[in-house]
Amino acid sequence: MITRQFGSEVRWMLRRPRTLIGLFGLILVPIIISFGIWSAGEGDGGPGLGAILNGNGMVVPIFTLFLSLNLLLPLVASIWAADGLAGEAQHGTLRGLLVAPVSRVRLLFVKLFGLTAMSLFAVTLMAVVGIIAGTAFLGTNGMMTLSGTTLSTAEGFLRIAFFILLVTFQMVAIGAVALAVSSTTEHPLVVQAATMTTIIVFQVLGQFPSLDWLHPFLITTGFPGLIDVMRDPIPLGQIWDSTLLAGCYMLIGTGLAAMRLITKDS
Amino acid sequence: MNKRKVTLAAAAAGVLTGAAGISLLAMPAGAGQPPSLPDIAPEKLVEQVLTSKPGAFGGTVEVDNKLGLPAIGEIPQLADGKHSARIWTDGNGKLRLALPNGQSEQTIVDDGSTTWSWNSQNNEVTKSEHKADKEVKPENEQKAIDPATAAKEIVNQTKEFSDISVDGTARVANRAAYELVLTPKASEKTLIREVRIAVDSELKMPLRVAVLTNGTAEPAGTVGFSQINVGPQDSKLFEFTPPANAKVTTPEAKEQKQRHEPELGLEQALNGKDPQIFGTGWDSVVGAKIPAEAMTHVPAEAQGLVDRFTKKVSGSWGSGKLFTTKVATILIADDGRVVAGAVPEQVLFDTIGQVK
């Protein structure tokens with residue numbers, strides 16, 4: 001029963017034209033990055049991961065996701081969360097769902113599942129396109145890490161898979177909070193605006209050293225630490241902290257959304 | 001209706017758990033209860049530290065630096081703030097160091113016969129074969145970062161000029177440790193109030209070194225393990241193969257390339273003209289004379305850097321520039337004489353006349 005609802009939710013999301021356009025936009029990112037690095041040629045690729053991209057196409061998916069996590073992926077997650085509840089309320093279809101003899105908590109979990117499945121799909125799609133584009137433009141010889149070691153292709157795929165999971169988790173955490181906002185309004189744009197404003201404000205706050213007491217509370221503080229996936233051996237400390245922080249955001253978002261849905265008049 | 005209340009309560013509990021979780025994550029990890037260990041005489045502990053051979057271990061070293069040093073491009077780890085490094089050793093001279101710097105990383109691997117140094121920022125590997133007589137440079141870096149080596153050196157040098165005591169116990173990187181405290185004797189004219197070394201109760205290996213200066217409660221600098229696992233390490237960690245498309249150079253070639261960099265000129269001058277040492281113990285002062293040509297060849301930008309971090313001073317000994325940090329003072333006279341030490345500036349003014 002619930003699997004059928006899960007399936008229909010994902011089908012429903014995939015049928016929206018803006019979802020398809022969004023996914024198409026996402027796969028352009030790794031292609032543009034690979035092309036850009038390729039046409040820039042040799043030389044210092046810049047700080048961080050950019051510096052080791054030359055001749056190292058397997059890093060492109062990780063570089064792409066790492067960059068996109070700052071703005072693009074939260075935006076995508078917020079769109080899906082906005083459509084999930086606020087969008088349905090706007091079309092009047094949420095009313096039907098709320099009065100149906102289906103538990104409202106179950107409704108929320110169906111929405112969360114749709115969000116998770118679509119996030120995983122989008123992130124995996126970007127990674128796969130990244131692997132193909134990176135290998136095509138930049139070539140590959142296993143995967144070179146930030147520590148200067150070279151991993152075999154199989155190990156490289158494992159790292160990419162691990163990073164896909166980590167990024168999806170962050171995305172779903174943001175989406176869960178966006179769902180909580182989504183449950184309070186009938187305007188999907190409000191949800192997107194609120195989520196993106198929060199993410200941007202968090203990142204600005206993260207720039208001020210004088211606010212360092214505040215930084216551990218911001219979900220965006222956990223993003224840069226995920227780069228540790230590209231170190232060898234992987235230090236799990238920061239990755240674990242970021243994931244726990246995202247988990248807390250997920251709990252808060254889901255809890256607030258559930259409270260709102262339960263008390264909502266149909 | 002009742003079921004609805006239960007779900008509502010569960011949802012509220014979820015929100016509270018999440019909020020509590022974030023607050024817990026944001027709190028700095030507590031030091032935990034100090035362990036109770038059998039008493040030990042400080043001299044005995046020092047002796048055990050000096051004779052112990054740290055075996056194989058791997059761990060993360062945190063450096064908390066409040067020395068007040070300016071950021072230098074070459075070694076960002078020296079700048080004020082918190083830095084971490086990962087270290088692995090097999091206990092027989094093989095070593096791996098990983099120094100993250102933002103999203104880049106510097107890796108130093110010593111496989112017993114060759115030292116490899118890799119920098120992800122410029123995709124460059126520096127390879128230096130060990131020479132029998134000359135110490136290789138990365139070992140200096142190793143000393144600075146590895147608490148084991150750092151503390152042994154301190155204990156060795158200061159035994160006769162300091163009071164040594166054991167001040168309770170501490171838990172460092174989840175291991176029980178004695179707090180060994182070195183206090184300079186009252187006759188020593190030094191900036192340093194005390195040096196606290198947390199010594200592992202089992203391995204007798206220093207786990208943390210903290211330097212406290214006069215007039216501050218917080219340590220000016222702390223180097224210590226935040227995580228350590230003792231035991232044999234994966235032997236693959238002590239091998240290094242340069243990545244396929246990396247530039248491999250030797251330190252000699254690199255030095256040639258960097259000869260024009262300003263800071264290095266000063267550094268070479270300080271290293272090269274065998275330094276003279278005045279005094280003994282905590283207030284000993286190192287002096288040297290920079291050749292006149294090196295002084296005049298300082299580029300304008302370097303001069304600006306020097307001016308920004310120093311203050312002009314003068315006295316019966318002449319005039320010059322004074323560079324002050326919490327633990328050390330450096331005096332550069334205009335005629336090229338340089339003195340430095342963990343001492344107040346007055347000691348330097350008194351000493352500089354002896355520099356030849």
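Colleague: Is A173(B) buried or exposed?

Modeller: In this predicted model, A173(B) counts as buried because its relative accessible area is 18%, and the cut-off for that class is under 20%. As for its place in the fold, A173(B) belongs to the loop between β7 (162–172) and β8 (175–184) of chain B.

Colleague: What is the phi of A173(B)?

Modeller: The general idea is that most residues other than glycine have a negative phi, and that most peptide bonds are trans. A173(B), although not a glycine, has a positive phi of about 50 degrees. K204(B), likewise a residue other than glycine, takes a positive phi near 60 degrees; it sits in the loop between β9 (192–200) and β10 (206–213) of chain B and, at 13% relative accessibility, is classed as buried. On the peptide-bond side, the bond from D232(A) to P233(A) is cis, with omega near -10 degrees, and P233(A) is found in the loop between α8 (188–205) and α9 (236–263) of chain A.

Colleague: Which residues is Q48(B) in contact with, once its neighbours within four places in sequence are left aside?

Modeller: Those residues are I40(B) and K204(B). Q48(B) itself lies in helix α2 (residues 42–51) of chain B and, at 23% relative accessibility, is partly exposed. Its C-alpha atom is 9.0 Å from that of L203(B), although 155 residues separate the two along the chain.

Colleague: How much area do chain B and chain A bury between them?

Modeller: The size of an interface is often given as the accessible area lost when the parts come together. Here chain B and chain A bury about 2,800 Å² between them, with 66% of it on carbon and sulfur atoms. I22(B), L25(B) and Q103(B) supply 22% of the area that chain B buries against chain A, more than any other three residues. The contact draws 35 residues from chain B and 41 residues from chain A.

Colleague: How many salt bridges are counted between chain B and chain A?

Modeller: The count is one, and it joins the side chains of E105(B) and R231(A) at 2.8 Å, N to O. Six residue pairs in polar contact are counted between the chains as well, with both residues at pLDDT 80 or more. On the side of chain B that touches chain A, the largest share, 15 residues, comes from α1(B).

Colleague: What is the mean pLDDT of chain B?

Modeller: The mean is 79, with 78% of the residues of chain B reaching 70 or more. Over residues 133–143 of chain B, however, the pLDDT is below 50, and this stretch has 14 contacts in the model beyond near neighbours in sequence.

Notes
Residues are numbered from 1 along each chain as its sequence is written. Chains are lettered from A and ligands numbered from 1 in the order in which they are written. Side-chain values use heavy atoms; hydrogens and water are left out. Helices (H or I, at least four residues) and strands (E, at least two) are DSSP runs, numbered from the N terminus. Buried means under 20% relative accessible area, exposed over 50%, partly exposed in between (1.4 Å probe, protein chains only). Contact means heavy atoms within 4.5 Å. pLDDT is the predictor's confidence in each residue, from 0 to 100. Buried area is the accessible area (1.4 Å probe) that two parts lose on being put together, summed over both. A salt bridge is a side-chain nitrogen of Lys or Arg within 4 Å of a carboxyl oxygen of Asp or Glu. A polar contact is a pair of N or O atoms within 3.5 Å; within protein, one must be able to donate a hydrogen and the other to accept it, and residues adjacent in sequence count only if both atoms are side-chain atoms.
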